[in-house]
Amino acid sequence: KQGLYVQTGGAGKSFPVPTAQLVASDPDVIIFAPCGMSLEASQAEAEKLAGRDWWKGLRAVQDGKVFVADGDAFFNRPGPRLVDALEWLVYLLHYHGKGEGEG
């Protein structure tokens with residue numbers, strides 16, 4: 001199954017993604033990193049989704065592959081932290097949850 005990338009074409013302006021589009025894409029992994037919020041505020045916003053039926057039905061949620069990040073610190077501004085963000089993403093997508101020697 002080919003992945004669906006909601007944001008394409010580089011660093012464009014943020015836009016809302018309709019719930020139906022997110023549900024239809026049924027992502028394997030969700031990285032929740034909103035602009036302008038601290039990690040704690042992002043976590044609180046992500047937790048608000050937990051009670052919604054459509055959220056509970058997503059593969060990433062069922063598999064425990066929803067991650068919250070400080071978007072401003074890692075992704076939303078160019079700079080040296082982008083390298084840290086890339087390293088974190090590599091770990092998350094390739095090694096997280098695997099036993100030693102499985103990655």
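**Close-up 1. Asp 53 and Lys 56 share helix H3.** The two residues sit 3 residues apart in helix H3 (residues 53-56), about one turn of the helix. This view, like the others, shows a predicted model. A salt bridge joins Asp 53 to Lys 56, with 3.9 Å between the closest N and O atoms. Asp 53 is exposed, at 62% relative accessible area. Lys 56 is partly exposed, at 41%.

**Close-up 2. Arg 59 meets Asp 28 in a salt bridge.** Side chains of opposite charge can pair when their charged atoms come close. Here the N to O distance is 2.8 Å. Arg 59 belongs to helix H4 (residues 59-62), while Asp 28 is in the loop between helix H1 (19-25) and strand E1 (30-32), so the pair ties together parts that are 31 residues apart in sequence. Arg 59 is partly exposed, with 26% relative accessibility. Asp 28 is also partly exposed, with a relative accessible area of 47%.

**Close-up 3. Glu 45 pairs with Lys 48 in a salt bridge.** The closest N and O atoms of Glu 45 and Lys 48 are 2.9 Å apart. Helix H2 holds both residues, 3 residues apart, about one turn of the helix. Glu 45 is partly exposed, at 30% relative accessible area. Lys 48 is exposed, at 54%. The count for the model comes to 4 salt bridges.

**Close-up 4. Ser 42 is buried in helix H2.** Helix H2 spans residues 39-48. The relative accessible area of Ser 42 is 0%, so Ser 42 counts as buried, a class that means under 20%. Beyond its neighbours within four places in sequence, Ser 42 is in contact with Phe 32, Pro 34, Met 37, Val 68 and Ala 69.

**Close-up 5. The side chain of Asp 72 lies by the backbone of Gly 36.** Asp 72 is part of helix H5 (residues 71-74). A polar atom of its side chain lies 3.0 Å from the backbone nitrogen of Gly 36. Gly 36 is also one of the contacts of Asp 72 outside four places in sequence; the others are Pro 34, Cys 35, Met 37 and Arg 77.

**Close-up 6. Four residues form a nonpolar patch on the surface.** They are Leu 86, Val 90, Tyr 91 and Tyr 95. Together they have about 380 Å² of accessible area. Tyr 95 is in the segment after helix H6 (81-94). Tyr 95 is partly exposed, with a relative accessible area of 38%.

Methods:
Residues are numbered from 1 along each chain as its sequence is written. This is a predicted model: local features need pLDDT of at least 70, side-chain atom pairs count only at pLDDT 80 or more; totals for chains, interfaces and linings use all residues. Side-chain values use heavy atoms; hydrogens and water are left out. Helices (H or I, at least four residues) and strands (E, at least two) are DSSP runs, numbered from the N terminus. A polar contact is a pair of N or O atoms within 3.5 Å; within protein, one must be able to donate a hydrogen and the other to accept it, and residues adjacent in sequence count only if both atoms are side-chain atoms. Contact means heavy atoms within 4.5 Å. Buried means under 20% relative accessible area, exposed over 50%, partly exposed in between (1.4 Å probe, protein chains only). Patches are made of residues with over 30% relative accessible area and no salt bridge: like charges are joined within 9 Å, nonpolar side chains (Val, Leu, Ile, Met, Phe, Trp, Tyr) within 5 Å. Accessible areas come from the Shrake-Rupley method with a 1.4 Å probe; for residues, only the protein chains shown count as cover. A salt bridge is a side-chain nitrogen of Lys or Arg within 4 Å of a carboxyl oxygen of Asp or Glu.
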